[in-house]
Amino acid sequence: MQNWDDIRVFLAVARAESLSGAAPVLKMDPATLSRRVARLERSLGATLFVKSPQGYALTDLGERMRDHAMEAEAHLALAVDEGQGVSSALTGQIRIGAPDGAANFLLPQVCAAIRAENPDLEVQILALPRVVNLSRREADMAIAVSPPAAGRLSVQKVIDYHLHLAMRADGPVVEGLSDLRRHPIVGYIPDMIFDKELDYLDVAEVDRVQMASNSVAVQLQMIRQGGVGIVHDFALPFAPELQRVLTDAVSLTRSFYLVRHTSDRQSDRLTRFAASLMAGLQAEVVRLENLARLTGGPSI
């Protein structure tokens, strides 16, 4: 029987696909991880990874072992949950993956409120400009803008949110969509849009952007410098010099979904956290969108 600590090292390297990526997760240096992986492979008498300058790729055996190890990890987490009891405060580490709009403008205050009631809880927010891979356990749960169509995942709709064109309130007046061409258009890097729900160009009747980023937070800063682009209403209170424009012509509604691994639904700890997270996100989206309507300047 293998030492669970060796399996933990194996899983971290398998998920990160590199020693350098797994090192900060395990708080070990890459050289130590290399020795640990080599020791595990020697004890099994088999190769688990194909090593290359690009990283560590699992062999067929490695993939099968990863799947079994992840199941064992889930059962271990359930045992810990039962040991803590359902009446205790939330403890341990929980990682949430999210697109950077939610990660920057919603999750910090929502998670801070949850932690205020559970001071021994460690919350990590993984902001990625792509879909978080829960099957590889990049996170314990994820916020998504489209429900996944495959995988052993459970999905709950959290809330609808709204987006509008925005620009500086002290900028030139925009009376119609044709006027947008006089301003730098801000948006996503077209070939890095990871979800069709993030493709806004057709709605705004523009064929290209002059200032682009794969980050919503960076896009917001670009608009603050004089551009015009689609902005989440819940982000506008963080940029008080901006206002919504052409709200009758361009008004988008999108949704957030909470995605979890199906096996984690048995975890009382994760289920309780998920319930608090959903309630917090719902309240925060409503609060910030209402604030945007009240303080975001007149709609032109």
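Helices (H or I, at least four residues) and strands (E, at least two) are DSSP runs, numbered from the N terminus. By that count the protein has eight helices and 11 strands. This is a predicted model, in which local features need pLDDT of at least 70, side-chain atom pairs count only at pLDDT 80 or more, and totals for chains, interfaces and linings use all residues. Residues are numbered from 1 along each chain as its sequence is written, and side-chain values use heavy atoms, with hydrogens and water left out.

**Whole chain**

Start with everything displayed. Along the principal axes, the C-alpha atoms fill a box of roughly 70 × 50 × 30 Å. Of the 300 residues, 47% count as buried, where buried means under 20% relative accessible area, exposed over 50% and partly exposed in between (1.4 Å probe, protein chains only). Contact means heavy atoms within 4.5 Å. Among contacts between residues at least 6 apart in sequence, 75% join residues at least 24 apart.

**Helices H1, H2 and H3**

Select residues 4-16, which form helix H1, and residues 19-26, which form helix H2. H1 and H2 pack at an angle of about 130°, with their axes 8 Å apart; axes are lines fitted to C-alpha atoms, for helices over the stretch in contact, and angles run from 0 to 180 degrees between N-to-C directions. That angle makes H1 oblique to H2. For the terms, angles under 35 degrees count as roughly parallel, over 145 as roughly antiparallel, 65 to 115 as roughly perpendicular and the rest as oblique.

Show side chains next. From H1, Arg8, Val9, Ala12, Val13 and Ala16 meet Leu19, Gly21, Ala22 and Leu26 of H2. This contact divides into seven nonpolar residues, one polar and one charged. Here Ala, Val, Leu, Ile, Met, Phe, Trp, Tyr, Cys and Pro count as nonpolar, Asp, Glu, Lys and Arg as charged, and the others, Gly among them, as polar.

Leu19, Ser20, Ala22, Ala23 and Leu26 in H2 meet Pro30, Leu33 and Ser34 in H3. By class, the H2 contact with H3 has six nonpolar, two polar and no charged residues.

**Strand E9**

Move to residues 228-232, strand E9, where five of the five residues are buried. Two strands pair if DSSP finds at least two bridges between them. Strand E6 (residues 153-168) is joined to E9 by four bridges, and the two run antiparallel. Pick His164 and look for Val231 in E9, which stands opposite. Strand E7 (residues 185-187) is joined to E9 by two bridges, and these strands run parallel. Ile185 stands opposite Val228 in E9.

**Gln219**

Select Gln219, in helix H7 (residues 216-224). Gln219 is buried, with a relative accessible area of 4%. Not counting residues up to four places away in sequence, Gln219 touches Val186, Gly187, Tyr188 and Ser213.

**Leu281**

Finish at Leu281, in helix H8 (residues 268-295). Leu281 counts as buried, at 2% relative accessibility. Which residues is Leu281 in contact with, leaving aside its neighbours within four places in sequence? They are Leu106, Leu107, Val110, Ile143 and Val158. For a distance check, pick the C-alpha atoms of Leu281 and Gly227: these residues are 54 apart along the chain, and the atoms are separated by 29 Å.
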